[in-house]
Amino acid sequence: HWRTVQSIARQDDAGGPSERASLPRRVYLYGVLLVGALRPMHPLYWDEYVWLTKTRLATRGLHALADAALAPSSPVLPRGYPIGWSLAEAVLAAGVPDTAALSTGAFALSALCLALYVALLARGGRGPVALGVMAAAPIAWVHWRSAYVDLPLGLLSASVALGLEQARRYRDARTMPVVVAAAALSGAAKDEGAVHIAAIVLAFAFTDVLRDPAQRRGLALTAAAGLAPGVTWWLLRHAAGVANSDHAPTGFALS
């Protein structure tokens with residue numbers, strides 16, 4: 001994944017954007033390192049303990065977290081919630097269950113999401129404006145300093161949209177593997193992740209992207225990758241009789 005991010009940032013072929021439009025790659029790298037230095041390696045907010053507790057369970061193995069999350073009287077909060085993000089954090093924590101390792105794994109996953117977003121922004125020459133707007137939002141710093149999933153999920157969804165747009169603009173299929181991987185992680189991270197991917201795919205489907213067979217295939221793969229984790233987890237939940245009563249997606253609350 002990191003090699004793919006680096007290759008995206010280095011692309012300067014004739015069909016790509018002008019190098020003059022983007023900042024040097026080192027500026028982005030130092031920026032990520034600086035932002036990372038501002039993040040404490042311990043929980044600050046209540047929800048972080050919820051997420052890191054699930055990650056600690058995941059360090060015992062996939063089945064330990066899945067069995068706990070699908071138990072009729074589940075101790076995992078929220079009940080019936082997707083577990084993909086916690087599994088990814090446990091892998092990056094090297095399976096070590098102490099708080100510092102879990103917090104480091106959470107930071108590493110967030111940093112990868114930010115690095116992918118920055119690499120795609122740099123490729124399109126729009127990095128300074130987009131990152132400046134994000135840095136001006138205080139809530140972005142609050143979320144970056146925590147192990148919450150909302151900000152990295154947003155970065156992943158934005159990366160999927162940017163990657164699809166650049167694959168269409170530059171006719172470059174090399175971007176698609178990382179787009180599909182980002183869509184899969186989005187769908188596995190939270191319930192709304194699959195909704196994000198569905199919205200992005202529909203937005204591209206309503207434009208002229210469907211005229212190109214290669215882009216149709218890429219869009220279909222992105223949709224499948226984003227929806228498959230959510231559908232699979234939904235089937236597992238219903239088979240175990242566990243309802244996602246706290247965070248289930250619903251229709252429009254018109255009333």
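Trainee: Which helix is the place of Ser110?

Mentor: Ser110 sits in helix H6 (residues 99–124); helices here are DSSP runs of H or I with at least four residues, strands are runs of E with at least two, and both are numbered from the N terminus. Before we go on: this is a predicted model, where local features need pLDDT of at least 70 and side-chain atom pairs count only at pLDDT 80 or more, while totals for chains, interfaces and linings use all residues. Residues are numbered from 1 along each chain as its sequence is written, and side-chain values use heavy atoms, with hydrogens and water left out.

Trainee: Got it. Is Ser110 buried or exposed?

Mentor: Ser110 is buried, at 3% relative accessibility. Buried means under 20% relative accessible area, exposed means over 50%, and partly exposed is in between, with a 1.4 Å probe and protein chains only.

Trainee: And what does Ser110 touch?

Mentor: Leaving out residues up to four places away in sequence, Ser110 touches Arg39, Trp144 and Pro152. A contact here is heavy atoms within 4.5 Å.

Trainee: What about Leu116, where is that one?

Mentor: Leu116 is in helix H6 too, and at 1% relative accessibility Leu116 counts as buried.

Trainee: How much of the contact set joins residues at least 24 apart?

Mentor: Taking contacts between residues at least 6 apart in sequence, 74% join residues at least 24 apart.

Trainee: Okay, helix packing. At what angle do H3 and H5 cross?

Mentor: The axes of H3 (residues 46–58) and H5 (residues 84–92) cross at roughly 65° and come within 8 Å. Axes are lines fitted to C-alpha atoms, for helices over the stretch in contact, and angles run from 0 to 180 degrees between N-to-C directions.

Trainee: Is that crossing of H3 and H5 left-handed or right-handed?

Mentor: The crossing of H3 and H5 is right-handed. Left-handed would be the near helix turned anticlockwise from the far one by less than a right angle, and right-handed is clockwise.

Trainee: Which residues make the contact?

Mentor: From H3, Trp51, Leu52, Lys54, Thr55 and Ala58; from H5, Trp85, Ser86, Leu87, Glu89 and Ala90.

Trainee: Switching to charges. How many salt bridges does the structure hold?

Mentor: Three, where a salt bridge is a side-chain nitrogen of Lys or Arg within 4 Å of a carboxyl oxygen of Asp or Glu. One of them pairs Asp150 with Lys190, at 3.1 Å from N to O. That pair links distant parts of the chain, 40 residues apart: Asp150 is in helix H9 (residues 150–170), and Lys190 is in the loop between helix H10 (176–189) and helix H11 (191–205).

Trainee: Is Lys190 buried or exposed?

Mentor: Lys190 is buried, with a relative accessible area of 7%, whereas Asp150 is partly exposed at 39%.

Trainee: Last one: which residues form the nonpolar patch on the surface?

Mentor: Leu227, Val231, Trp234 and Leu235, with about 380 Å² of accessible area together. Patch members have over 30% relative accessible area and no salt bridge, with like charges joined within 9 Å and nonpolar side chains (Val, Leu, Ile, Met, Phe, Trp, Tyr) within 5 Å. Leu235 is in helix H12 (residues 213–240).

Note on methods
Areas by Shrake-Rupley, 256 points an atom, 1.4 Å probe, with all protein chains shown as cover.
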